[in-house]
Amino acid sequence: MNDSLLVRLPQGEDLLAALVGVCLEHNVTKGQVSLIGALSRAVLGYYPQDTREYVTRTLAEGTEILSGLGNVSLKDGQPCVHLHLTLLTRDFTVTGGHALPGCVLFAGEACITPIEGPRLHRSHDPATGLPLWDLTGM
């Protein structure tokens, strides 16, 4: 049986907040996310390994989401969507990065596939400075 959730994301909403809202509504605490659509505003991040601080870029123009890939796990007890985006701009330039709050949906269709089993939590990883999966005890 396929328990994937196919959702149309609401125009004008924050992309990450909308995905987390679907996870909360359907009690998804671990899963895979894929999506396509368009953004009226994109906020992307890049994590330089030397400085360990996200560099951000905002695209205020409309973009097409060529691919959105990510996962769902728990962070601080709440569903957390970790999502990377590949975007196409008006001049057919392709860019991408880590999706950050502030990505505003123009249109979006997402597939969220829950994964059964023990809950998966994110915690601070000292080696990278990132909140990564804590796989101890799994």
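In sorting the residues that follow, Ala, Val, Leu, Ile, Met, Phe, Trp, Tyr, Cys and Pro are taken as nonpolar, Asp, Glu, Lys and Arg as charged, and the others, Gly among them, as polar. The model is predicted, and a walk through it can start at the largest pocket, which holds about 520 Å³ of space. Rolling a probe the size of a water molecule over the atoms shows where empty space is left. The lining of the largest pocket divides into 15 nonpolar, six polar and four charged residues. These 25 lining residues include Y54, C80, V81, H82 and H98, which lie nearest the centre of the pocket.

Several elements contribute to this lining: α1 (15-25), β2 (31-46), β5 (78-88), β6 (94-99) and β9 (130-134) each supply at least two residues. Among the contributors to the largest pocket, β5 gives the most, with six residues.

A search of the whole structure finds one aromatic pair. This pair is formed by Y47 and Y54, and it counts as tilted because the ring centres lie 5.0 Å apart with the planes at 55°. Y47 counts as buried because its relative accessibility is 15%, whereas Y54, with a relative accessible area of 35%, is partly exposed.

The backbone deserves a look as well. Most residues other than glycine have a negative phi, and most peptide bonds are trans. Against that background, R52, which is not a glycine, has a positive phi of about 55°. R52 is placed in the loop between β2 and β3 (55-59), and its relative accessibility of 38% makes R52 partly exposed. F92, likewise not a glycine, has a positive phi of about 65° and sits in the loop between β5 and β6. At 66% relative accessibility F92 counts as exposed, since the cut-off for that class is over 50%.

The last stop is the hairpin of β8 and β9. Strand β8 (residues 121-125) runs antiparallel to β9, and five bridges join the two. Within this pairing, S123 stands opposite L132 in β9. Four residues lie between the strands of the hairpin, where G129 takes a positive phi near 80°.

Key. Residues are numbered from 1 along each chain as its sequence is written. This is a predicted model: local features need pLDDT of at least 70, side-chain atom pairs count only at pLDDT 80 or more; totals for chains, interfaces and linings use all residues. Side-chain values use heavy atoms; hydrogens and water are left out. On a 1 Å grid over the protein atoms alone, a cavity is a set of points where a 1.4 Å probe fits but cannot get out, and a pocket is an open set with protein on both sides within 12 Å along at least five of seven lines; lining residues have an atom within 4 Å of a point. Grid points are joined across faces, edges and corners, and a volume is the space filled by probe spheres set on the points. Buried means under 20% relative accessible area, exposed over 50%, partly exposed in between (1.4 Å probe, protein chains only). Rings of Phe, Tyr and Trp (its six-membered ring) pair if their centres lie within 6.5 Å; planes under 30 degrees apart count as stacked, over 60 as edge-to-face and the rest as tilted. Two strands pair if DSSP finds at least two bridges between them.
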